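Q: Can you walk me through this model? I'd like to start with one side chain and then move on.

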Amino acid sequence: MTDKYCVIGNPIAHSKSPQIHAAFAAQTGQDMEYERCLAPLDGFAEVVRTLIKQGYKGANVTVPFKLEAAAIATRLSERALAAGAVNTLQFIDGEIVGDNTDGPGLVADIVRNAGVALANQRILMLGAGGAARGVMLPFIEEKPAAILVANRTRATADNLVAAFAGHDVEVAACGFDEIAGPYDIVVNATSSSLAGDMPPVPASAFAKGTLALDMMYGSAPSPFMQFAAAHGAETRDGLGMLVEQAAEAFTVWRGVRPETRALFTMLLNLK
Ligand code: ATR
């Protein structure tokens with residue numbers, strides 16, 4: 001019997017995940033289906049219960065349900081626990097297992113696809129919400145020299161940094177007006193690109209050789225990417241992270257790691 005998976009979100013119509021997972025399944029010869037699932041804003045848990053009854057093996061979870069997915073899980077992976085959010089669910093023997101592949105996806109995109117090692121690098125993280133929290137532990141595990149978290153609301157950055165103290169990596173919080181660069185890697189984990197806006201990051205954060213990565217993706221470079229490029233940085237959007245988080249989820253579900261490069265190039269050319 002064909003194993004069933006889906007991606008749950010609201011909205012969900014524009015999700016590229018079905019296309020990505022169909023390509024992975026074809027490439028690795030896995031017998032599975034993957035579709036979009038629109039959940040009502042107040043109906044996430046009900047949708048999950050229905051999927052389990054219908055025999056689904058798992059689901060990806062996207063905006064705005066990643067926190068609810070963590071709450072509904074009966075077991076969480078270490079990285080989901082650290083992220084406080086879940087983007088990958090597995091339904092196994094009556095259990096709902098929550099995982100988070102966003103951070104490993106971003107690390108894979110930076111290290112393998114962009115060819116930039118994180119070890120010993122100075123990283124500037126812009127934003128301190130769910131997206132930033134999700135990538136902190138996978139970043140720390142790569143042993144960068146330091147991670148500075150800058151946020152509009154300073155207290156949120158302080159709380160995030162406090163949650164990741166005690167590792168062998170210097171992690172500090174600041175306001176945007178305290179940023180003193182340049183940094184090797186600047187990650188825009190704010191949701192500002194959604195509004196066609198950018199965080200108030202100074203030009204001094206960037207230099208020639210800086211990698212500036214926006215976790216969002218779209219058909220055109222975001223204002224953050226345009227600003228970073230104008231100040232010498234190499235830029236990258238969140239398309240590679242999207243493909244890599246999907247590959248990691250696929251590996252968790254199926255035990256087979258798909259190859260991502262050809263698919264990434266194909267999606268890039270479709271933009
Ligand atoms: P997500 O899950 O996408 O991270 P979130 O948890 O709501 O969403 O967090 C949004 C992040 O983007 C926050 O860090 C927010 O800053 P505040 O904590 O000060 O609200 C940040 N953000 C959103 N719009 C922004 C803007 N225009 N400029 C700077 N930061 C912005």
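**A side-chain contact, a helix pair and the ligand**

A: The side chain of Gln226 has a polar atom 2.9 Å from the backbone oxygen of Pro221. That is a polar contact (N or O atoms within 3.5 Å; within protein, one able to donate a hydrogen and the other to accept it, and residues adjacent in sequence count only if both atoms are side-chain atoms). The model is predicted, so local features need pLDDT of at least 70, side-chain atom pairs count only at pLDDT 80 or more, and totals for chains, interfaces and linings use all residues. Residues are numbered from 1 along each chain as its sequence is written, and side-chain values use heavy atoms, without hydrogens and water.

Q: Which helix is Gln226 in?

A: Helix 8, residues 223–230. Helices are DSSP runs of H or I, at least four residues, numbered from the N terminus.

Q: New topic. Which residues of helix 1 meet helix 10?

A: Gln19, Ile20, Ala23 and Phe24. They meet Leu263, Met266, Leu267 and Leu270 in helix 10. Contact means heavy atoms within 4.5 Å.

Q: And the ligand: which backbone atoms are by its oxygen atoms?

A: A backbone N or O atom of Ala131 lies 2.8 Å from a ligand oxygen. For Ala128, a polar backbone atom is 3.0 Å from a ligand oxygen. For Ser191, the distance is 3.1 Å.

Methods. Helix = DSSP H or I, 4+ residues; strand = E, 2+ residues; numbered from the N terminus.
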